[in-house]
Amino acid sequence: MNGGDPLEWYQDIPIVSRMYLTASVLTTAACALDLVSPFALYFNAKLIFQKGQLWRLLTNFLFFGMFSLDFFFHMYFLFRYCRLLEEGPQFRRRPADFLFMLLFGATLMTLSGPYVNVQFFGSSLTSMMTYLWSRRNEHVRMSFLGLFTFSAPLLPWVLVGFSVLLGHSATTDLIGIAVGHIYFYLKDVLAQIAEFRGWTRRDFLPTPPPLKWILRQAPDA
């Protein structure tokens with residue numbers, strides 16, 4: 001790939017990561033241009049389920065704030081860990097499995113919505129992906145702003161602490177960590193237990209076949 005060609009760089013991003021990043025940037029651009037108001041995007045259970053504003057189920061995952069340093073900070077982590085996961089060994093050439101992981105996480109976050117004070121769950125979804133990547137790469141050593149080094153499983157907690165220092169609530173990130181742990185347990189830990197105990201079933205969170213067909217993923221992938 002020609003590193004100086006933005007189009008080639010963009011097309012080199014895995015399909016699901018590319019779609020999510022693009023939708024997030026376009027949503028923010030639409031708000032910046034006053035084409036749509038953030039008040040029409042945020043999660044509100046009453047408006048969704050009583051007023052039929054079903055688009056909020058999707059749009060609350062796409063808005064990360066107006067163009068600012070905070071926005072680019074979130075985009076960096078969204079792009080980095082979304083792409084690292086999709087290109088990793090568990091999801092490489094498995095776009096349906098990766099999308100199903102995102103849908104699973106988004107569903108659990110939506111179910112928690114009426115009970116938590118969170119209007120936009122995009123950061124929670126990013127936190128979920130960061131947690132999952134960190135658990136699947138536990139031997140990787142990392143550095144935070146060049147200040148200190150730590151092992152990958154600590155990354156989600158380092159980011160929670162950094163977010164709190166910036167004045168943000170920890171709730172959003174903690175929801176992502178909790179959901180990420182549920183997925184990790186169902187997908188990874190239970191599979192190891194099943195193999196150890198000789199269970200015939202090894203996958204407790206299978207991707208629906210229609211999703212594999214839509215994304216042209218091989219049925220046995």
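Which residue does R94 meet in a salt bridge, and at what N to O distance? The first point below takes up this pair.

1. Salt bridge R94–D97. The side chains of R94 and D97 meet in a salt bridge, with 3.4 Å from N to O. The term denotes a side-chain nitrogen of Lys or Arg within 4 Å of a carboxyl oxygen of Asp or Glu. R94 is partly exposed, at a relative accessible area of 28%, whereas D97 is buried at 11%. Here buried stands for under 20% relative accessible area, exposed for over 50%, and partly exposed for values in between, with a 1.4 Å probe and protein chains only.

2. Basis of the model. The model is predicted, so local features need pLDDT of at least 70 and side-chain atom pairs count only at pLDDT 80 or more, while totals for chains, interfaces and linings use all residues. Residues are numbered from 1 along each chain as its sequence is written, and side-chain values use heavy atoms, with hydrogens and water left out.

3. Further salt bridges. The structure holds five salt bridges. In one of them, D188 pairs with R136, and the closest N and O atoms are 2.7 Å apart. D188 belongs to helix α9 (residues 171-197) and R136 to helix α7, so this pair ties together parts that are 52 residues apart in sequence. Both D188 and R136 are buried. Helices (H or I, at least four residues) and strands (E, at least two) are DSSP runs, numbered from the N terminus.

4. K187 forms a salt bridge with D203, the closest N and O atoms lying 3.1 Å apart. This pair links distant parts of the chain, with K187 in helix α9 and D203 in the loop between α9 and α10 (209-214), 16 residues apart. K187 is partly exposed at a relative accessible area of 22%, and D203 is likewise partly exposed at 32%. In general, side chains of opposite charge can pair when their charged atoms come close.

5. Geometry of α7. Helix α7 covers residues 122-136; at 1.5 Å a residue, its 15 residues should span 21 Å, and its end C-alpha atoms are 21 Å apart, which agrees. The expected span is 1.5 Å times one less than the number of residues in the helix. The helix is mostly covered, with 14 of its 15 residues buried.

6. Packing of α7 on α8. Two packed helices are described by the angle between their axes and the distance between the axes. The axes of α7 and helix α8 (residues 155-165) come within 8 Å and cross at roughly 145 degrees. Axes are lines fitted to C-alpha atoms, for helices over the stretch in contact, and angles run from 0 to 180 degrees between N-to-C directions. T130, Y131, W133 and S134 of α7 make the contact with L155, P156 and L159 of α8, where contact means heavy atoms within 4.5 Å. By class, five of the residues in this contact are nonpolar, two are polar and none is charged. Ala, Val, Leu, Ile, Met, Phe, Trp, Tyr, Cys and Pro count as nonpolar, Asp, Glu, Lys and Arg as charged, and the others, Gly among them, as polar.

7. Nonpolar core. The largest nonpolar core has 49 residues, and F98, M101 and M129 have the most contacts inside it. Such a core is a set of buried Ala, Val, Leu, Ile, Met, Phe, Trp, Tyr and Cys residues joined through side-chain atoms within 4.5 Å. At least two residues of this core are supplied by each of α2 (15-32), α5 (69-87), α6 (95-112), α7, β1 (141-144), α8 and α9. The largest share, eight residues, comes from α6. Residues up to four places away in sequence aside, M101 touches L85, F91, M128, M129, L132 and Y183.

8. T172 lies in helix α9 and is buried, with a relative accessible area of 17%. Apart from its neighbours within four places in sequence, T172 is in contact with V118, F120, S123 and S124. R197 also lies in helix α9 but is exposed, at 58%. The C-alpha atoms of R197 and A30, 167 residues apart along the chain, are separated by 52 Å.

9. Positive phi values. Phi of D34 is near 60 degrees, a positive value in a residue other than glycine. D34 sits in the loop between α2 and α3 (45-49) and is exposed at 68% relative accessibility. For R93, phi is also near 60 degrees. R93 is found in the loop between α5 and α6 and is exposed at 70% relative accessibility.
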